[in-house]
Amino acid sequence: MTHEQLKQLEDKLWESANALRAHGGLKASDYAVPVLGLIFLKFAENKYSQHEAKILETYQEEKGTRMERTMQEIALATCGFYLPDNARYDYLLKLKGNKRAEALKDAMKGIEKYQDDKFQDVLPTEAYFDIEKKKDDILPSLLKTFSDIPKDASGDIFGKIYEYFLGKFAMSEGQKGGEFFTPTSVVRFIVEVIEPYKGKVYDPACGSGGMFVQSADFIAHEGHDLNDIYVYGQEYMGETVRLAKMNLLVHNLRGEITEANSYDSDPYDGYGKFDFVMANPPFNVKSVKESTVKNDKRFNEFGLPKTKGKSDKISDANYLWISLFATSLNENGRAGFVMPNSASDARSSEYDIRKNIVDSDIVDCMVSMPTNMFLTVTLPATLWFFDKQKVHTDRKDKILFLDARNVFNQIDRAHREWTAEQQQNLAAIVRLYRGETERYLELIASYIDKAFTAQEAIAPSFTTVQELWNTTLSNLNAYAKATKNHKRTPAKTKALKETDFFNKLEELQWSVYKAEAKAEQPVTIPQENESQKKIATDLEIAVNTNTERLTILKTDVNTLTELLKLADKHLKLKSDKIWSNHNLIKADKTLEEALQVYQETTEQFAYWHNNIHWLQSRFPEAKYEDVIGLCKMADKTEYVEEQDYSLNAGRYVGVELEMDDLNEKEYYQKLETSKSMLKKLSDLSKNLENKITENIENLIL
């Protein structure tokens, strides 16, 4: 299934599920879990079908031997669950009458019956009765809609659909929804930096388990075994715990999710236990009591954020979370988590805690994020990264500050994200900082390979437009000649004359284009910097040529389509038989669609080159270096003595000057000139305002 096909499927499924709100009178919070339960059932059907023959074969082979196991035991060992007959999707789909809710409850219970205790009471059961009471045709309709998911859809496809629905539910629910969903692009970047491919992964504010899912995706992408990690999650909202457990089932992840408040509960005895910590905790919580945490070493090792005076209240829980993440790591652990920007510079007791944490030398990287990256809040946030091994590396007493506020893709007016490539590019900076040059070169090589793949689609799509353009023009000319002596209304005859249609048609010719510039693809993509830079130069020439060709091509196509539209309105006869015989029905649309394909192939080619250029222009030697406005590797003198333990990236990286390549002195001179001009305009505005007021007063008098 292609990305576009998956996107169309997701949109279609969501449109159907969201009809519950319009027709069933239900809120997203009411139907999120049951709808995701139906997605799980379809996933279970697909997965079980793939293993069913093997399960039956094994059962027959072992039957009557000392190794004999039940069908259910074999199924659990083979695919992680047993699917009884009454939980088969086709069975539920074909049921007659209005008893779907009862059937769905039995199906969910049937699956859970053979699961471990930790996966009991996870799947939704009672919620379907509420839906059925609202409108009895909703469940049959939903079952039919989700049956459109292809039978060969993999667990990866289901994971993407599941995450898509979680994101949609979060947007529908506002702040409440944001509590259980962290945008995928944010999670993926955290995963790219801390690389949790082996060991114990902990999230004490796990929501729906998105951090764990992206860890699983990373493991699969890097070729590691999913069984190499075990996840531990805590979440205090019961319904969200069920979402998270269902998420683990969908993604076949080993782990535990516990319904617990992390401030006062430590179900995993987590001090110093975990290889990785990932989290997006609730921000700025002020209701935690000091007595709850003051004797808990998870929170007090670096100090407590206490309120002045005798109050038992913690001033702000942000630094409780930060301390928890730090103390949960084992001696080789890494952590990545989200915090509000205010935590990077917080004063009073928070300053003391931050000082102690920084002095312990576990702070590895600080990343300022763009605003509007989260679904429900515009609050600016920062990603913090800890690394307990850093003290034993060349990065000892150094911190990387990365200002990524200007790196984003605008999804819609209110939301932003990091594309997969933006995530990779930012992660590449971190890897260069860690001295992992070979991984940077591997990334550039992958972009080069994708650029050459995209390049191969350009010439055929250009030829398609050219041939279609020539054929369409020939057909239009033939039609004009074939109908030359046919009578037209006076209005049409006049319009053709006024628009100079026939002269334009006669004069229209295919433009002269530059010869195609095609970068030569090497047999093997080099993993060496200078060779990669030379290829990038060749790619740039080809990109520029293709961009010029696209501009000219747009003019040619637009000119012909305008003539086609004029012809359709004024030249075409009342009977369109001759028109259709010359293949002119919707010929303008066909031509525009072919142009769109060419434009997309050209832009895709440029896209990969732009990613290469973004990295190579900033790190020309394939080694880390400070880039003004983007990144700064600060040493202890800078972050302790000069910036007094501030962890705000903006204080370190500076501002990129992008005004005609001016140097700093020229920039300030230009700024001073602009300031003077602004003052003159402001004074002029005031004078005009006074004059207008004076004139109005004279009129009144």
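Trainee: On what basis are the values given?
Mentor: In this predicted model, local features need pLDDT of at least 70 and side-chain atom pairs count only at pLDDT 80 or more, while totals for chains, interfaces and linings use all residues. Residues are numbered from 1 along each chain as its sequence is written, and side-chain values use heavy atoms, with hydrogens and water left out.

Trainee: How many of the residues of helix α15 are buried?
Mentor: Helices are DSSP runs of H or I with at least four residues, numbered from the N terminus. Buried means under 20% relative accessible area, exposed over 50%, and partly exposed in between (1.4 Å probe, protein chains only). Helix α15 spans residues 318–328 and is mostly covered. Its buried residues include Trp321, Ser323 and Thr327, and the count is 11 of 11.

Trainee: Leaving aside neighbours within four places in sequence, with which residues is Lys297 in contact?
Mentor: Lys297 belongs to helix α14, residues 297–300. Its C-alpha lies 9.4 Å from that of Ser323, 26 residues away in sequence. With contact taken as heavy atoms within 4.5 Å, the partners of Lys297 beyond those neighbours are Tyr271 and Thr327.

Trainee: Is Leu681 buried or exposed?
Mentor: Leu681 is found in helix α27, residues 664–700. Because its relative accessible area is 52%, Leu681 is exposed.

How values were computed: Helices (H or I, at least four residues) and strands (E, at least two) are DSSP runs, numbered from the N terminus.
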